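Trainee: I am new to this structure. Could we go through some of the labels and ask what each one rests on?

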Amino acid sequence: MIKKIKVKSPANIAFIKYWGQRDKKLILPYNDSFSMNLSNCYTEVKMEILEDEGIKELYIKDYQKTSFEKNEGEALEKVKKFFGIAEKFLKKKIKFGFRIYSLNSFPKKAGIASSASFFSAIALAITNALEMERKISQKNLSILARLSGSGSACRSIPDGFVWWQKGKESSDSFAYSIAPASFWKIFDMVLILSTDEKKISSFEGHQKVLTSPFFKLRLTDLRKRIKMIRRAFLKKDFTLFGNLVEEEALSMHFVMMTQKPPLFYWSGKTIELMKEVLTLRKNGVEVYFTLDAGENLHLIYQKKDELKVKKYFKSHPLVIDLINNSPSIGARFI
Ligand code: DP6
């Protein structure tokens, strides 16, 4: 073995969502997006760099599993492809093999950005494998992560609260931190309602946005919402922030549901719980929901409501498990 590299990278929850690619090869989005890195939803990757160029292996240990399983399917193919992309992007020849062990602290492909944490971790590990980790800027590392195909992976590179500017071309479509994790003590509780993997990938979904009659309207709406949410965030106006976060999640899901073919990521349980969040709010607990491409719900709240939110959802009959997150730093070596 030449060397062993260990990295850890968070998943992120988007407050302004990325949905739709204007360039599917370069993974360029239609709009800016904005997210928070999650402290307890992460991927840990151990990458062994091997002399034998022929060895290209991936082992994955999923949420609540006790051992690693060899993956010889789509995930390995994506990783191999990504090595090729990195080789071109970093302008360095890859003359080694690899064995990757990847461990997830949360269910994958269930709308909790598992590919974002995975590919941001792989991007960082590759820079070390190619002895580029000191030379590459954070901006270029986030571009590399974006090029993996999982665009939201670029937002898992910088720390804390992260903005992905859509950019005009590949070289200025990157993510940067707008505030460190310590800036605002807000929380994200993931309610696991199902660990089933989604049947249609985000990648396929992104390609069909223009078939929704509401997509153009969403983009017009977003111009205003993006400005408002950035201001509410910087002023720490939680009520305005939370309302915009919910509005944004619904806007993205309306587009998903009105694409052709329609994408229904919500389940009956999701809607039940959304309604309960509204009732809780009426009763004085300030909690807001958001969700990505999956039925699991994310709840956003402040320290003052932490105990009430935890108590309410801890023994909820529809909730299989919950993961409490605070804002986190981005991808790093461990
Ligand atoms: C719905 O193409 O980054 O989560 O590769 O499945 O992780 P995966 O997804 P990606 O798109 C995910 C978009 C989203 C919204 C968001 O995170 O902005």
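Mentor: Start with helix H3, where Leu141, Ser142, Ile143, Leu144, Ala145, Arg146 and Leu147 are the buried residues. This is a predicted model, in which local features need pLDDT of at least 70 and side-chain atom pairs pLDDT 80 or more, while totals for chains, interfaces and linings use all residues. Residues are numbered from 1 along each chain as its sequence is written, and side-chain values use heavy atoms, without hydrogens and water.

Trainee: What makes helix H3 mostly covered?

Mentor: Of its 10 residues, seven are buried. Buried means under 20% relative accessible area, exposed over 50%, and partly exposed in between (1.4 Å probe, protein chains only). Helices (H or I, at least four residues) and strands (E, at least two) are DSSP runs, numbered from the N terminus.

Trainee: How do you know that Arg99 and Glu48 form a salt bridge?

Mentor: The term requires a side-chain nitrogen of Lys or Arg within 4 Å of a carboxyl oxygen of Asp or Glu. For Arg99 and Glu48 the N to O value is 3.4 Å, so the pair qualifies. Arg99 lies in strand E7 and Glu48 in strand E4, 51 residues apart.

Trainee: Why is Glu48 called buried?

Mentor: Its relative accessible area is 8%, so Glu48 falls under the limit for buried. Arg99, at 21%, counts as partly exposed.

Trainee: Why is Lys227 called exposed?

Mentor: Because its relative accessible area is 58%. Lys227 is found in helix H5.
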